[in-house]
Amino acid sequence: MKKNSAKSVLIVVTCAALCLGYYFYLTHRDSGKEKEMSEVEMVVSKDLEKSYPKTAREVVKFYNRILDCYYTQDYTQEQLEIMAEQARGLMDEELKENNPQDLYLESVKADIASFEEEKKSISNISIEGSKEVEYKTKSGKDYAYVDVSYFVKSNKKGQKSERVLQTYILRKDENADWRILGFYQE
């Protein structure tokens, strides 16, 4: 009987070890799914040289993804600098000349600080549909006008939420890519 009892204990211990080993394997294995990237990581990792947005609307849409990251996401100083570079990568040369990288970055930081100080947040960004984009040709150059509506909430006492309408002006460059030339608010 002792032999049967020893065999039974050995079988139970072996089964328990196998069960624990399998449990450990299941809880610590790589499930095959890649870690989802945050919006900031997606914006920072976009290679504009290889996959520049094809339409004026797509340029404005990507630019607004960057703006949304500035004001609503967590990021490092390095990621902020890369996002600012990405934003400048969407700009027309004329606008870049008026906004050198270091001054542009400082301006972005100041805007973000002001937004935080005033306890504002962008709750919605609405870009007009592709059929509403207005195209014009002036002096042999192609221009596009893309309207964007921002709903800005204020959590500061005494301030109201507001809707801000902004029109982006884009111009085609020598590579036929749409670049942001400027914008105005209505």
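A polar contact is a pair of N or O atoms within 3.5 Å; within protein, one atom must be able to donate a hydrogen and the other to accept it. The legends below describe a predicted model.

Figure 1. N64 lies in helix α3, which spans residues 56-72. Its side chain reaches the backbone oxygen of V60 at a distance of 2.8 Å. N64 has a relative accessibility of 3% and therefore counts as buried, the limit for that class being under 20%. When neighbours within four places in sequence are left aside, N64 is in contact with I125, I127, V148, Y150 and Y168.

**Figure 2. Overview of the elements of the protein.** The secondary structure comprises 6 helices and 5 strands. Read from the N terminus, the order of the elements is α-α-α-α-α-α-β-β-β-β-β. The protein has 186 residues, of which 31% count as buried. Among contacts between residues at least 6 apart in sequence, 55% join residues at least 24 apart.

**Figure 3. The packing of helix α4 against helix α6.** Helix α4 covers residues 77-89 and helix α6 covers residues 101-117. The two helices pack at an angle of about 115 degrees, and their axes are 10 Å apart. Their crossing is right-handed. On the side of α4, the contact is made by Q77, L80, E81, A84, E85, A87 and R88. On the side of α6, the residues that make the contact are Q101, Y104, L105, V108, K109 and I112. By class, the residues of this contact divide into 7 nonpolar, 2 polar and 4 charged.

Figure 4. Not counting residues up to four places away in sequence, L80 touches Y70, Y75, L105, V108, K109 and I112. The C-alpha atoms of L80 and C69 are 8.9 Å apart in space, while the two residues are 11 apart in sequence.

**Figure 5. The largest nonpolar core and one of its members, Y70.** In soluble globular proteins, nonpolar side chains tend to be buried together. The largest nonpolar core of this model holds 38 residues, and those that touch the most other members are Y70, L90, Y168 and L170. At least two residues of this core come from each of α2 (39-45), α3, α4, α6, β1 (120-127), β3 (141-154), β4 (162-172) and β5 (178-185). Helix α3 gives the most, with 9 residues. With residues up to four places away in sequence not counted, Y70 touches Y75, L80, M83, A84, A87, Y104, V108 and I112.

Figure 6. Most residues other than glycine have a negative phi. K119 is placed in the loop between α6 and β1. Its relative accessibility is 49%, so K119 counts as partly exposed. Where does A176 lie? A176 is found in the loop between β4 and β5. At 44% relative accessibility, A176 counts as partly exposed, since that class lies between the 20% limit for buried and the 50% limit for exposed.

How values were computed. Residues numbered from 1 in each chain as written. Predicted model: local features only at pLDDT ≥ 70, side-chain atom pairs only at ≥ 80, totals over all residues. Heavy atoms only, no water. Helix = DSSP H or I, 4+ residues; strand = E, 2+ residues; numbered from the N terminus. Buried < 20%, exposed > 50% of the residue type's maximum accessible area, 1.4 Å probe, protein only. Contact = heavy atoms within 4.5 Å. Axes fitted to C-alpha atoms, helices over the stretch in contact; angles between N-to-C directions. Left-handed = near helix turned anticlockwise from the far one by under 90°. Nonpolar A, V, L, I, M, F, W, Y, C, P; charged D, E, K, R; others polar. Core = buried A, V, L, I, M, F, W, Y, C linked by side-chain atoms within 4.5 Å.
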